[in-house]
Number of protein chains: 2
Amino acid sequence: MLKRLNHVAIAVPDLSAAAAIYRDTLGAKVSAPQSLPEHGVTVVFVELDNTKIELLEPLGEKSPIASFLDKSPSGGIHHVCYEVDDIIAARDHLKEKGARILGDGEPKTGAHGKPVLFLHPKDFNGTLVELEQI
Amino acid sequence: MLKRLNHVAIAVPDLSAAAAIYRDTLGAKVSAPQSLPEHGVTVVFVELDNTKIELLEPLGEKSPIASFLDKSPSGGIHHVCYEVDDIIAARDHLKEKGARILGDGEPKTGAHGKPVLFLHPKDFNGTLVELEQI
C-alpha cells in the first residue's frame with residue numbers, strides 16, 4: 001500500500017529562521033515561502049535528492065499546528081506523509097484493520113492539491129501519518 | 001550539503017507489534033528484526049520506494065532511545081538521517097555556523113557501518129538530525 005515517502009513535516013515557530021538554517025547551516029535547497037490559508041500554514045519546501053522536508057509555520061487563527069507548537073514551542077517533527085495509489089481503498093483497508101482515520105473519514109484536498117487523509121497517532125506508535133493519493 | 005533522506009527513525013516500545021502495523025495495516029515491506037547491541041537497539045527496516053523507516057526498540061541497559069521512550073511510552077519519531085558526501089567537511093561547516101555536534105564531535109560508525117554524527121535538536125527546531133557519509 002505505501003509507496004514513496006512524500007515528505008516529513010516539521011512545525012517551526014519562525015519560518016524564515018528555520019529556512020535559513022536548512023539553507024545556510026545544512027546547505028540544502030529551500031523554496032520561497034508559500035502561504036496556504038485554507039490549510040492554516042505557510043510552508044517552505046526543503047528539496048532533498050529523494051524526497052522533501054516541509055517546514056510549517058502557523059497561519060491564521062485556526063492553524064492545525066498551533067497546539068503542537070504550544071506544547072513544543074521550538075518546533076519538532078509534526079507528521080510523515082506516505083503516498084498511496086488509491087486513497088479510498090487504503091482507507092477501507094485501514095478501517096478494516098481497526099486503525100482510526102481523523103476527521104470524518106473522507107479524504108480532503110491536501111496542500112499539494114491531492115486527496116489526503118490523516119491517521120490517528122495512537123494507532124501508529126505516536127506518529128501522525130498522512131496518506132496522499134498520487 | 002544534504003543529499004538524500006536516508007531514513008526516518010521511529011522509537012517503539014514493542015518492535016514486533018510495530019512491524020506488524022507497518023506490514024499488515026499499512027501494507028509495507030518490512031525486514032526481519034536485526035539486533036545491533038553496539039548501538040543499543042533492535043531495528044526493523046520498513047522499505048519504501050524512495051527511502052526507509054527504521055523502527056527502533058531499545059536493546060540492553062544503555063540504549064540511546066530509552067530516555068525518549070520514558071517520556072513517550074507509546075513511541076514517536078526519534079530522528080531523521082540525511083546523507084552527506086563528506087562528513088568531516090560537513091562537521092566543520094556546521095561548527096563554523098554555530099551548530100552543536102553531539103558527543104565529542106568525532107564521527108562514529110553508525111548502524112549501517114558508515115560514519116555518522118548527531119546534531120543538537122535545539123539548533124534544528126527540536127529535530128534530532130543524524131548525518132551519514134555515503
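**Figure 1. The second largest pocket of the predicted model has a volume of about 570 Å³.** Its lining comprises 29 residues. Those nearest the centre of this pocket are A:H39, A:P64, A:V116, A:F118 and A:E130. Two or more lining residues come from each of β4 (41-47), β5 (52-58), β6, β7 (108-109), β8 (115-119) and β9 (129-133) of chain A.

**Figure 2. Make-up of the lining of the second largest pocket.** The largest share of this lining, 3 residues, is supplied by β8(A). Sorted by class, the lining residues of the second largest pocket are 13 nonpolar, 9 polar and 7 charged.

**Figure 3. The largest pocket of the predicted model has a volume of about 1600 Å³.** Elements of chain A and of chain B give two or more residues to its lining. From chain A these are α2 (66-71) and β6 (76-84). From chain B they are β5 (52-58), α2 (66-71), β6 (76-84), β7 (108-109), β8 (115-119) and β9 (129-133).

**Figure 4. Centre of the largest pocket.** Of the 50 residues that line the largest pocket, B:F68, B:I77, B:H78, B:H79 and B:L128 lie nearest its centre.

**Figure 5. Make-up of the lining of the largest pocket.** With 4 residues, β6(B) contributes the most to the lining of the largest pocket. By class, this lining holds 24 polar, 17 nonpolar and 9 charged residues.

Terms used
Residues numbered from 1 in each chain as written. Chains lettered and ligands numbered in written order. Predicted model: local features only at pLDDT ≥ 70, side-chain atom pairs only at ≥ 80, totals over all residues. Heavy atoms only, no water. 1 Å grid on protein atoms, 1.4 Å probe; cavity = no way out; pocket = protein on both sides within 12 Å on 5 of 7 lines; lining within 4 Å. Points joined across faces, edges and corners; volume = space filled by probe spheres on them. Nonpolar A, V, L, I, M, F, W, Y, C, P; charged D, E, K, R; others polar.
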